[in-house]
Amino acid sequence: MKKLLSVAGAALLTALAAVFAFGQPAHAAAGFSVSNGRLYDANGTEFVMRGVNHAHTWYPQQTSSFANIKALGANTVRVVLGSGDRWTKNSAADVANVISLCKANRLICVLEVHDTTGYGEDGAATTLAKATDYWLSIADVLKGQEKYVIVNIGNEPFGNQGYGAWTSDTSNAIKRLRAGGLTHTIMVDGPNWGQDWSFTMRDNAGTVFNADPQRNTVFSIHMYGVFDTAAEVSDYLGRFRSAGLPIVVGEFGFNHSDGNPDEDAIMSYSQANGIGYLGWSWSGNGGGVEYLDMTTGFNPAQLTSWGQRIFNGANGIAATAREASVFAGSSPSPTTSPSPTTSPSPTTSPSPTTPPTTTPPPAGGCTATYTVVNSWQGGFQGEVKVTAGSVAITGWTTKWTFANGQAVSQSWNATVSNSGAAYTARNVDYNGRLGAGASTSFGFIASWNGTNAVPAVTCAAS
């Protein structure tokens, strides 16, 4: 997390002009790759991150969070890990399990070492070199996962002191990872507690990009109090876009102790310009920034105002996230998760709690399959999968009627309405067109009491 900026440091916001010089990618990676400032998945499809940060290393029992984050519409989760230098080291086996949870829930995993946070100003922080040691020590569980994993070398690797070493330290870390056989897309954070008010990352990004022999590095800016106006947001992100360098907003909030970030500008500019964003954070914040929790006690049925904003608001995750194409054609079930240690949260099992129901499609029509993904006292998470028939369709409408008083409270990837117990869900603008045999899905959170029968669901194509 962040630290207050010095007044002198904030004054440097107006200093320095961007000077970029960089080459094009030398070759495509086995998984994600970068070209002309854009990120592409292993199928060559552009991928724009829409997701959240999850503090796994501090809450290792909250593994149900992966399914819950996905259920609210995210396509990416940035996972906090410890290298053992400041926080308890996440073992190779634990990281392998995190990757499996991401894959089971069709999420792209951005793995980051948090121990580097504020190095040079925070005496407990460690170096990018030590973070690189950690990545190389677990290289065996990372190799082969290039389609699903992005390696974020170190979180906010410098504070407001000593950050002049950011360019050389970051370049050296990238070179060591490549020499160690990691071909993943690499993500690098800016200095100044991630906010790069000194423009060190902005003005040296081309040098760092060229230090990667694979030209497969993405830059990550964290946006808190430094980015409290739309002009600052658009100027910073726009300079990377103009230079053809890949940029994502790796962290941001709707409020912070160092100022009030303009989350509306961050989300709208990112959406308009194909830039990924990852909000901070799912749950478990302390130290006076508890308002950055998106859920109360890791419970997806209890979204905070920040959670509602980032998931369901304008340019939010539910409306704009698109699943990575590497998951197309597969429907893995979430893996078993231990019970949470805090507030009640949905539990997940390898198979749905109730069997799905399907209606047969007419030629040129569609099927709709209703599944209860997971369930807890008083609430459940449902999913409806829509599949086109033998002819491509341009839109779809599904309908069902609850028999036991269930009521939907929130939904994603569809426009859901109801008249009493009768519900109608229609496609949104990005998932209505389906090729013959192709599928999409939408989800919802609903209440139940006593009985939760699976309704018959119909699908009509247009």
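Two disulfides are present in this structure, which is a predicted model. A disulfide is a covalent bond joining the sulfur atoms of two cysteines.

One of the disulfides is formed by Cys102 and Cys109, whose sulfur atoms lie 2.0 Å apart. The torsion about the S-S bond of Cys102 and Cys109 is about 65 degrees, and the disulfide is therefore right-handed. Both Cys102 and Cys109 are buried.

The other pairing involves Cys366 and Cys459, with 2.0 Å between their sulfur atoms. Here the torsion about the S-S bond is -100 degrees, and the link of Cys366 and Cys459 is left-handed. This pair connects distant parts of the chain, as its two cysteines are 93 residues apart. Cys366 belongs to strand S14, which covers residues 366-376, while Cys459 is found in strand S21, which covers residues 457-461.

Are Cys366 and Cys459 buried or exposed? A residue counts as buried when its relative accessible area is under 20%. Cys366 has a relative accessible area of 1% and is therefore buried. Cys459, at 14% relative accessibility, also counts as buried.

Taken together, the disulfide of Cys102 and Cys109 is right-handed, whereas that of Cys366 and Cys459 is left-handed.

How values were computed:
Residues are numbered from 1 along each chain as its sequence is written. This is a predicted model: local features need pLDDT of at least 70, side-chain atom pairs count only at pLDDT 80 or more; totals for chains, interfaces and linings use all residues. Side-chain values use heavy atoms; hydrogens and water are left out. A disulfide is a pair of cysteine sulfur atoms within 2.5 Å. Buried means under 20% relative accessible area, exposed over 50%, partly exposed in between (1.4 Å probe, protein chains only). Helices (H or I, at least four residues) and strands (E, at least two) are DSSP runs, numbered from the N terminus.
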